[in-house]
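Q: Hi! I'm new to this one, could you walk me through it?
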Amino acid sequence: MNDLRIAVLGVGLMGADHVARITSRISGAHVAVVNDYVAERAEQIAADIPGCRAVADPLDAIADPDVDAVLLATPGPTHEKQLLACLEHRKPVLCEKPLTTDVDTSLEVVRREAELGVRLIQVGFMRRFDHEYVALKSLIDSGDLGDPLLLHCVHRNPAVPDHFDSAMTVRDSLVHEVDVTRFLLDEEITSIQIVTPTPNPAARSGLFDPQIAILRTASGKHVDVELFVTTGVAYEVRTELVAEKGSAMIGLDVGLVRKSAPGTWGGEITPGFKERFGQAYDTEIQRWVDAVRTGANVDGPTSWDGYASTAVCEAGVQALQSGQSVAVTMVDRASIPGA
Ligand SMILES: NC(=O)c1ccc[n+]([C@@H]2O[C@H](COP(=O)([O-])OP(=O)(O)OC[C@H]3O[C@@H](n4cnc5c(N)ncnc54)[C@H](O)[C@@H]3O)[C@@H](O)[C@H]2O)c1
């Protein structure tokens, strides 16, 4: 069977990492084409990969007859146009989150894919492929702990760039917990409130940090998320499930525990998301490649999952501004056959 020929669009932080991953660790695929708004960046990357070309126009890269599938790692605002081009050319696409940056365009993408009657889009919510989240999901589904009642989540970053504002905490950080909630509890989120306590003095003036998001699901389950992006410590992502018959926690970063003089013990916290979720990205891409290459069903997060997370984050940004609980507005999934 031939290798899957992938075009990677956007070779910044994530895209370059995915190119390296596909080239060195993923079997059955190679990067045939790269594209970036900064042409030299794409050319530099292509020069290091045998058989890879830089293509200047992203839409040409998608349409290229030597491209079987597309990996979108461009910024969110460009996703809609590039996703619709992938659908037009019937090319399977793994789109880094977010699906698109607003609810209307996300819904349009869901509708256009559903009209084709074929599943072409996977959204890059990689935590669904992380072995700890998979273990927690299996535990919930086993029923051993009874019904889930609560999730307590923590999402901490050591620092963020100067342009990072309070709404980005919702759209870029909370979005992952939104997807984790939907994945673990298997139901939609119906409302969101965001509490903004006294800011960390180290946070840039005007940045609400930390933030506490409170989510409520369709059946009334409670999820709280601490979002704190200027801790100055390291990358920490934890989820604790509280259920009828017990609780379970992931993300404790318990690797090597060292004991040494003078009477100290401890380990290391993962420095960033690439290290913490390296295994998840590898599994995500390998599963996608295997499914596309063999014609099997792509089983990762769908365009609907992308739409739902955009809808929750849009309500989240309103909640941040108002301080009130905001209802999440979504269309009825059954109204879009095939979605
Ligand atoms: N899953 C995750 O954990 C995760 C982590 C980080 C980023 N992301 C997502 O990945 C995407 C990329 O983020 P990043 O951090 O790599 O950003 P980045 O800014 O480092 O890289 C984006 C690249 O896209 C290029 N670009 C901009 N507009 C383009 C266009 N129209 N066509 C082609 N290339 C274009 C830029 O020149 C840049 O090289 C975003 O959607 C982001 O939300 C996901």
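A: Happy to; we'll begin with the ligand and then move on to the loops and helices.

Q: What kind of model is this?
A: This is a predicted model, in which local features need pLDDT of at least 70 and side-chain atom pairs count only at pLDDT 80 or more, while totals for chains, interfaces and linings use all residues. Residues are numbered from 1 along each chain as its sequence is written, and side-chain values use heavy atoms, with hydrogens and water left out.

Q: Thanks! How many residues surround the ligand?
A: There are 26 residues around the ligand, and the closest are Met14, Asp36, Arg41, Lys97 and Tyr281. A residue is near a molecule if one of its heavy atoms lies within 4 Å of it.

Q: What classes are they?
A: The shell has 12 nonpolar, 10 polar and 4 charged residues. Here Ala, Val, Leu, Ile, Met, Phe, Trp, Tyr, Cys and Pro count as nonpolar, Asp, Glu, Lys and Arg as charged, and the others, Gly among them, as polar.

Q: Which side chain has an N or O atom 2.6 Å from an oxygen atom of the ligand?
A: That is tyrosine 281. A polar contact is a pair of N or O atoms within 3.5 Å; within protein, one must be able to donate a hydrogen and the other to accept it, and residues adjacent in sequence count only if both atoms are side-chain atoms.

Q: How much of the ligand does the protein cover?
A: The protein covers 79% of the 840 Å² of accessible area that the ligand has on its own. Accessible areas come from the Shrake-Rupley method with a 1.4 Å probe; for residues, only the protein chains shown count as cover.

Q: Where does the ligand sit?
A: The ligand is in the largest pocket. Sitting there means that more than half of its atoms lie within 2 Å of the pocket's grid points. On a 1 Å grid over the protein atoms alone, a pocket is an open set of points with protein on both sides within 12 Å along at least five of seven lines.

Q: Which elements give two or more residues to that shell?
A: Those are helix H1 (13–24) and helix H4 (79–88). Helices (H or I, at least four residues) and strands (E, at least two) are DSSP runs, numbered from the N terminus.

Q: Let's switch to H4. Which residue there is exposed?
A: Glutamate 88 is in helix H4, and at 59% relative accessibility it counts as exposed. The cut-offs are under 20% relative accessible area for buried, over 50% for exposed, and in between for partly exposed (1.4 Å probe, protein chains only).

Q: Now loops: where is threonine 302?
A: Threonine 302 is in the loop between helix H9 (278–294) and helix H10 (303–322). A polar atom of its side chain lies 3.2 Å from the backbone nitrogen of tryptophan 304.

Q: Is threonine 302 buried or exposed?
A: Threonine 302 is buried, because its relative accessible area is 18%.

Q: Which peptide bonds are cis?
A: The bond from aspartate 209 to proline 210 is cis, with omega near 5°, and so is the bond from alanine 261 to proline 262, with omega near 0°. Proline 210 is in the loop between strand E8 (189–195) and strand E9 (211–217). Proline 262 is in the loop between strand E13 (258–260) and strand E14 (264–266).

Q: What is phi at aspartate 186?
A: Phi there is near 60°, a positive value in a residue other than glycine. Aspartate 186 is in the loop between helix H7 (166–185) and E8, and is exposed, with a relative accessible area of 64%.

Q: One last stop: where is leucine 107?
A: Leucine 107 is in helix H5 (residues 103–116), and is buried at 10% relative accessible area. Its C-alpha is 9.1 Å from that of methionine 330, 223 residues apart along the chain.

Notes. On a 1 Å grid over the protein atoms alone, a cavity is a set of points where a 1.4 Å probe fits but cannot get out, and a pocket is an open set with protein on both sides within 12 Å along at least five of seven lines; lining residues have an atom within 4 Å of a point.
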